[in-house]
Amino acid sequence: MSAPVKIGAAVALSQLPDWSAAPDKDAITRTFKFADFNEAFGFMTRVALMADKLDHHPEWFNVYNCVEVLLTTHDCDGVSERDVLMAKFMDAAA
């Protein structure tokens with residue numbers, strides 16, 4: 001995989017209507033809510049398998065049926081196309 005190029009949160013968000021800019025760094029964020037813990041954990045499992053395949057891992061936090069996600073690319077210190085790809089996968093997986 002080639003080195004990521006920083007595109008910034010604003011460019012990414014133009015393609016991701018359900019996501020928001022993180023307040024404290026160049027990153028995008030979204031909270032997913034599910035029917036219960038089992039559904040939330042299943043989502044996280046599907047995302048984890050894709051993240052491992054892409055070697056691009058989210059920062060996330062889970063409590064019961066909610067999964068809070070923050071995406072940024074540490075290799076370019078900001079949002080890259082890798083984050084857009086991961087966000088679109090998460091949207092579809094939810």
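In helix H3, the residues Arg82, Asp83, Val84, Met86, Ala87, Met90 and Ala93 are buried, where buried means under 20% relative accessible area, exposed over 50%, and partly exposed in between, with a 1.4 Å probe and protein chains only. The structure is a predicted model, in which local features need pLDDT of at least 70 and side-chain atom pairs count only at pLDDT 80 or more, while totals for chains, interfaces and linings use all residues. Residues are numbered from 1 along each chain as its sequence is written, and side-chain values use heavy atoms, with hydrogens and water left out.

The cover over the buried residues of H3 includes helix H1 (9-13), strand S2, helix H2 (37-54) and strand S4 (66-71); helices (H or I, at least four residues) and strands (E, at least two) are DSSP runs, numbered from the N terminus. H3 itself comprises the 13 residues 81-93, which should span 18 Å at 1.5 Å a residue, and this agrees with the 18 Å between its end C-alpha atoms, because the expected span is 1.5 Å times one less than the number of residues. At the start of H3, the backbone nitrogen of Arg82 has a side-chain oxygen of Ser80 within 3.1 Å.

## The loop around Ala27

Ala27 sits in the loop between strand S1 (20-21) and strand S2 (28-33), and it counts as buried because its relative accessible area is 0%. Leaving aside residues up to four places away in sequence, Ala27 touches Ala9, Ser20, Ala21, Ala22, Leu70, Leu71, Thr72 and Val79, a contact being heavy atoms within 4.5 Å.

Thr72 is placed in the loop between S4 and H3, and at 8% relative accessibility it is buried. The side chain of Thr72 reaches the backbone oxygen of Gly78 at 3.4 Å; this is a polar contact, defined as a pair of N or O atoms within 3.5 Å, of which, within protein, one must be able to donate a hydrogen and the other to accept it, with residues adjacent in sequence counting only if both atoms are side-chain atoms. Again not counting residues up to four places away in sequence, Thr72 touches Asp26, Ala27, His56, Glu59, Gly78, Val79 and Asp83.

## Salt bridges

A salt bridge is taken as a side-chain nitrogen of Lys or Arg within 4 Å of a carboxyl oxygen of Asp or Glu, and by this rule the count comes to four. One of them joins the side chains of Asp26 and Lys6 at 3.9 Å, N to O. This pair links distant parts of the chain, with Asp26 in the loop between S1 and S2 and Lys6 in the segment before H1, 20 residues apart. Asp26 is partly exposed at 22% relative accessibility, as is Lys6 at 46%.

Glu59 and Lys25 form another salt bridge, with their closest N and O atoms 3.7 Å apart. Because Glu59 lies in strand S3 (residues 59-63) and Lys25 in the loop between S1 and S2, the pair ties together parts that are 34 residues apart in sequence. Both partners count as partly exposed, Glu59 with a relative accessible area of 32% and Lys25 with one of 38%. The side chains of Asp91 and Arg30 also meet in a salt bridge, at 2.5 Å, N to O. That pair connects helix H3, which holds Asp91, with strand S2, which holds Arg30, across 61 residues, and Asp91 is partly exposed at a relative accessible area of 26%.
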